[in-house]
Amino acid sequence: MELDTDELLASLTPREENPAIKTYQNTVSVACPACEKPFDDLVVCKQNPTSLNLSKQLDLCVGVEDEQAFIFTHKP
Ligand SMILES: [Zn+2]
């Protein structure tokens with residue numbers, strides 16, 4: 001799988017950023033590069049390792065580019 005994050009991030013709406021992660025909302029139903037279903041949010045991990053404190057149960061798809069993890073969330 002080839003992950004073109006520049007193109008991906010250009011389509012998404014930035015939401016939250018903190019020292020560990022940056023989140024984007026998928027307001028235009030971009031397909032997930034892993035499973036090809038539209039995802040809800042993208043979480044970019046800026047620190048390695050990093051912890052995600054998820055408040056809800058989500059299905060996750062993960063890609064890595066330039067040693068950064070990109071986590072695509074799907075509501076089950
Ligand atoms: Zn997916």
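These legends describe an overall view and several close-ups of one predicted model. Residues are numbered from 1 along each chain as its sequence is written, and side-chain values use heavy atoms, with hydrogens and water left out. In this predicted model, local features need pLDDT of at least 70 and side-chain atom pairs count only at pLDDT 80 or more, while totals for chains, interfaces and linings use all residues.

**Figure 1. The protein chain has 1 helix and 5 strands.** Along the sequence, the elements run α-β-β-β-β-β. Helices (H or I, at least four residues) and strands (E, at least two) are DSSP runs, numbered from the N terminus. The C-alpha trace spans about 30 × 25 × 20 Å along its principal axes. The radius of gyration is 11 Å, which agrees with the value near 11 Å for a compact globule of 76 residues. That radius is taken over C-alpha atoms, and the globule rule is 2.2 Å times the number of residues to the power 0.38. Of the 76 residues, 32% count as buried. Buried means under 20% relative accessible area, exposed means over 50%, and partly exposed lies in between (1.4 Å probe, protein chains only).

**Figure 2. Four protein donors hold the view around the zinc ion.** They are Cys32 (SG), Cys35 (SG), Cys61 (SG) and His74 (NE2), lying 2.1 to 2.4 Å from the zinc ion. Donors are N, O and S atoms within 2.8 Å of the metal (3.2 Å for Na, K and Ca); water is not among the atoms, so sites may look incomplete. The spacing of the donors along the chain is C-x2-C-x25-C-x12-H. Cys32 and Cys61 link distant parts of the chain, 29 residues apart. Cys32 sits in the loop between β2 (21-25) and β3, and Cys61 sits in strand β4. Cys32 is buried, at 1% relative accessible area. Cys61 is also buried, at 14%.

**Figure 3. The zinc site is tetrahedral.** Angles among the 4 donor atoms are 100 to 115 degrees. Four donors count as tetrahedral if all angles lie between 85 and 135 degrees; four count as square planar and six as octahedral if opposite donors are over 155 degrees apart and all others between 65 and 115; anything else is irregular. Ideal angles at a metal are 109.5 degrees for four tetrahedral donors.

**Figure 4. Glu17, Lys22 and Lys46 are linked in a network of salt bridges.** A salt bridge is a side-chain nitrogen of Lys or Arg within 4 Å of a carboxyl oxygen of Asp or Glu. By this rule the count comes to 3. Lys22 pairs with Glu17, with 3.6 Å between the closest N and O atoms. Lys22 is partly exposed, at 24% relative accessible area. Lys46 also meets Glu17, at 2.6 Å from N to O. Lys46 lies in the loop between β3 and β4 and Glu17 in strand β1 (residues 13-17), so this pair ties together parts 29 residues apart in sequence. Lys46 is partly exposed, at 34%.

**Figure 5. Lys75 and Asp40 meet in a salt bridge.** The N to O distance is 3.7 Å. The pair links distant parts of the chain, 35 residues apart. Lys75 is in the segment after β5, and Asp40 is in the loop between β2 and β3. Lys75 is exposed, at 58% relative accessible area. Asp40 is partly exposed, at 25%.

**Figure 6. Leu54, Leu60, Val62 and Val64 form a nonpolar surface patch.** Together they have about 360 Å² of accessible area. Accessible areas come from the Shrake-Rupley method with a 1.4 Å probe; for residues, only the protein chains shown count as cover. Patches are made of residues with over 30% relative accessible area and no salt bridge: like charges are joined within 9 Å, nonpolar side chains (Val, Leu, Ile, Met, Phe, Trp, Tyr) within 5 Å. Leu54 is in the loop between β3 (41-45) and β4 (59-65). Leu54 is partly exposed, at 44%.

**Figure 7. A cis peptide bond joins Asn48 and Pro49.** Omega is about 0 degrees. Pro49 is in the loop between β3 and β4.

Figure 8. Glu36 lies in the loop between β2 and β3 and is exposed, at 64%. Glu67 lies in the loop between β4 and β5 (68-74) and is exposed, at 75%.
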